[in-house]
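This briefing sets out selected structural features by topic. Please consult the sequence and the model alongside the points that follow.

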Amino acid sequence: QVQLVESGGGLVQAGGSLRLSCAASGRIFSIAAQGWYRQAPGKQRELVATITSGGSTNYADSVKGRFTISRDNAQNTVYLQMNSLKPEDTAVYYCNARIRQRYSGTSYDYWGQGTQVTVSS
(Lines give C-alpha, C1' and ligand atoms only; values in the text may rest on other atoms or scores of the structure.)
Protein backbone atom coordinates (compact mmCIF):
# COMPACT_ATOMS: atom_id res chain seq x y z
CA GLN A 1 0.00 0.00 0.00
CA VAL A 2 2.93 2.32 0.63
CA GLN A 3 6.05 2.29 -1.48
CA LEU A 4 9.25 4.26 -1.18
CA VAL A 5 11.33 4.56 -4.32
CA GLU A 6 14.87 5.87 -4.13
CA SER A 7 17.06 7.34 -6.81
CA GLY A 8 20.22 9.38 -7.21
CA GLY A 9 22.98 7.05 -6.10
CA GLY A 10 26.11 6.50 -8.09
CA LEU A 11 29.88 6.66 -8.25
CA VAL A 12 31.58 9.97 -7.50
CA GLN A 13 35.04 11.24 -6.79
CA ALA A 14 35.97 12.36 -3.29
CA GLY A 15 34.89 15.95 -2.83
CA GLY A 16 31.99 15.57 -5.23
CA SER A 17 28.27 15.77 -4.66
CA LEU A 18 25.19 13.64 -5.05
CA ARG A 19 21.52 14.26 -4.41
CA LEU A 20 19.37 11.35 -3.31
CA SER A 21 15.60 11.36 -3.69
CA CYS A 22 12.95 9.19 -2.10
CA ALA A 23 9.33 9.41 -3.16
CA ALA A 24 6.57 7.84 -1.10
CA SER A 25 3.41 6.73 -2.84
CA GLY A 26 0.25 4.85 -1.99
CA ARG A 27 -2.34 5.34 0.66
CA ILE A 28 -0.68 7.85 2.98
CA PHE A 29 -2.58 9.58 5.74
CA SER A 30 0.28 11.66 7.03
CA ILE A 31 4.03 11.42 7.40
CA ALA A 32 5.39 11.91 10.88
CA ALA A 33 9.04 11.88 9.90
CA GLN A 34 11.40 10.96 7.11
CA GLY A 35 15.01 10.03 7.15
CA TRP A 36 18.06 8.53 5.56
CA TYR A 37 20.14 5.65 6.85
CA ARG A 38 23.16 3.94 5.43
CA GLN A 39 24.93 0.63 5.74
CA ALA A 40 28.46 -0.10 4.62
CA PRO A 41 29.73 -3.67 4.15
CA GLY A 42 30.55 -5.23 7.49
CA LYS A 43 29.02 -2.37 9.44
CA GLN A 44 25.77 -1.68 11.24
CA ARG A 45 23.09 0.43 9.66
CA GLU A 46 23.39 3.97 10.95
CA LEU A 47 21.26 7.06 10.95
CA VAL A 48 22.38 9.78 8.57
CA ALA A 49 19.68 12.43 8.82
CA THR A 50 16.03 12.83 9.76
CA ILE A 51 13.38 15.49 9.35
CA THR A 52 10.12 15.65 11.26
CA SER A 53 6.74 16.85 10.09
CA GLY A 54 7.49 20.10 11.88
CA GLY A 55 10.70 20.58 9.95
CA SER A 56 13.18 19.76 12.69
CA THR A 57 16.32 18.07 11.41
CA ASN A 58 18.86 15.77 12.96
CA TYR A 59 22.21 14.70 11.54
CA ALA A 60 24.89 12.23 12.37
CA ASP A 61 28.02 14.00 13.53
CA SER A 62 29.97 12.52 10.64
CA VAL A 63 27.85 14.34 8.04
CA LYS A 64 27.08 17.63 9.74
CA GLY A 65 28.02 20.56 7.57
CA ARG A 66 28.20 18.39 4.46
CA PHE A 67 24.75 16.80 4.08
CA THR A 68 21.37 18.49 4.02
CA ILE A 69 18.02 16.77 4.34
CA SER A 70 14.96 18.43 2.87
CA ARG A 71 11.49 17.52 1.73
CA ASP A 72 8.73 18.35 -0.69
CA ASN A 73 5.54 17.78 1.24
CA ALA A 74 3.31 18.04 -1.81
CA GLN A 75 5.18 15.17 -3.46
CA ASN A 76 5.86 13.16 -0.29
CA THR A 77 9.49 13.23 -1.28
CA VAL A 78 12.57 13.53 0.89
CA TYR A 79 15.99 14.51 -0.42
CA LEU A 80 19.52 14.18 0.80
CA GLN A 81 22.00 16.62 -0.67
CA MET A 82 25.48 15.25 -0.10
CA ASN A 83 28.43 17.56 -0.61
CA SER A 84 32.14 17.15 0.02
CA LEU A 85 31.77 13.41 -0.17
CA LYS A 86 34.40 11.21 1.41
CA PRO A 87 35.28 7.56 0.78
CA GLU A 88 33.91 6.85 4.25
CA ASP A 89 30.47 7.83 2.95
CA THR A 90 30.43 4.78 0.68
CA ALA A 91 27.40 2.70 1.61
CA VAL A 92 23.95 1.64 0.58
CA TYR A 93 21.60 4.46 1.51
CA TYR A 94 18.05 3.69 2.58
CA CYS A 95 15.25 6.17 2.97
CA ASN A 96 12.67 5.82 5.69
CA ALA A 97 9.22 7.24 6.23
CA ARG A 98 7.25 7.03 9.43
CA ILE A 99 3.64 7.08 8.30
CA ARG A 100 0.62 7.51 10.55
CA GLN A 101 -2.38 5.25 10.15
CA ARG A 102 -5.61 7.08 9.51
CA TYR A 103 -7.74 5.71 12.35
CA SER A 104 -5.53 4.17 14.98
CA GLY A 105 -2.94 6.90 15.05
CA THR A 106 -0.22 4.28 15.07
CA SER A 107 2.83 4.93 12.94
CA TYR A 108 4.74 2.41 10.87
CA ASP A 109 8.16 2.68 9.33
CA TYR A 110 8.55 2.05 5.62
CA TRP A 111 11.83 1.62 3.83
CA GLY A 112 13.12 2.23 0.36
CA GLN A 113 14.95 -0.38 -1.65
CA GLY A 114 18.36 1.18 -1.10
CA THR A 115 20.65 3.01 -3.46
CA GLN A 116 24.40 2.53 -3.72
CA VAL A 117 26.68 5.48 -3.14
CA THR A 118 30.34 4.89 -3.90
CA VAL A 119 32.98 7.56 -3.32
CA SER A 120 36.35 6.93 -4.89
CA SER A 121 39.57 8.05 -3.25
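S1 and strand S3 (residues 18–26) pair in the antiparallel sense over six bridges; two strands count as paired if DSSP finds at least two bridges between them. Strands themselves are DSSP runs (E, at least two residues), numbered from the N terminus. The model is predicted: local features need pLDDT of at least 70 and side-chain atom pairs count only at pLDDT 80 or more, while totals for chains, interfaces and linings use all residues. Residues are numbered from 1 along each chain as its sequence is written, and side-chain values use heavy atoms, with hydrogens and water left out.

**The four-stranded sheet**

- Within the pairing of S1 and S3, Val-2 stands opposite Gly-26 in S3.
- Four strands make up an open sheet, ordered S1-S3-S8-S7, with antiparallel pairing.
- Strand S1 (2–7) and strand S7 (67–72) are the edge strands, each pairing on one side only.
- From one strand to the next, the twist averages 15°; the axes are lines fitted to C-alpha atoms, and angles run from 0 to 180 degrees between N-to-C directions.
- Strands of a sheet pair through backbone hydrogen bonds, either parallel or antiparallel.

**Strand S9 and its partners**

- S4 and S9 run antiparallel and are joined by nine bridges; Gln-39 stands opposite Val-92 in S9.
- S9 also pairs with strand S11 (residues 115–120), in the antiparallel sense over three bridges. Here the bridge partner of Val-92 is Gln-116 in S11.
- Five bridges join S9 to S10, again in an antiparallel arrangement, and Ala-97 has Tyr-110 in S10 as its bridge partner.
- The hairpin of S9 and S10 has six residues between the strands, and Gly-105 in that hairpin takes a positive phi near 80°.
- Ala-91 belongs to strand S9 (residues 91–100) and counts as buried at 3% relative accessibility. Buried means under 20% relative accessible area, exposed over 50%, and partly exposed in between (1.4 Å probe, protein chains only).
- Leaving aside neighbours within four places in sequence, Ala-91 is in contact with Arg-38, Gln-39, Ala-40, Thr-115, Gln-116 and Val-117; contact means heavy atoms within 4.5 Å.
- Ala-91 and Gln-44 are 47 residues apart in sequence, and their C-alpha atoms are 11 Å apart in space.

- Gln-34 lies in strand S4 (residues 30–39) and is buried, with a relative accessible area of 6%.
- Not counting residues up to four places away in sequence, the residues that Gln-34 touches include Ala-49, Ile-51, Ile-69, Arg-71, Asn-76, Val-78 and Ala-97.

**The disulfide**

- A search of the whole structure finds one disulfide, defined as a pair of cysteine sulfur atoms within 2.5 Å.
- This disulfide joins Cys-22 to Cys-95, with an S to S distance of 1.9 Å.
- Cys-22 in strand S3 and Cys-95 in strand S9 are 73 residues apart, and the pair links distant parts of the chain.
- The torsion about the S-S bond of Cys-22 and Cys-95 is about 50°, so the disulfide is right-handed.
- Both Cys-22 and Cys-95 are buried.

- The structure holds one aromatic pair. Rings of Phe, Tyr and Trp (its six-membered ring) pair if their centres lie within 6.5 Å; planes under 30 degrees apart count as stacked, over 60 as edge-to-face and the rest as tilted.
- Tyr-37 and Trp-111 form this edge-to-face pair, at 5.0 Å centre to centre with 65° between the planes.
- Tyr-37 lies in strand S4 and Trp-111 in strand S10 (residues 107–111), so the pair ties together parts that are 74 residues apart in sequence.
- Tyr-37 is buried, with a relative accessible area of 19%, whereas Trp-111 is partly exposed, with 32%.
- Arg-45 lies over the face of Tyr-37, at 5.8 Å from the ring centre, and over the face of Trp-111, at 4.0 Å from the ring centre. A charge sits over a ring if NZ of Lys or CZ of Arg is within 6 Å of the ring centre and within 35 degrees of the ring normal.

- Most residues other than glycine have a negative phi.
- Asn-76 is not a glycine, yet has a positive phi of about 50°. Asn-76 lies in the loop between S7 and strand S8 (77–82) and is partly exposed at 24% relative accessibility.
- Ser-84 likewise has a positive phi, near 50°. The loop between S8 and S9 holds Ser-84, which is partly exposed at 42% relative accessibility.
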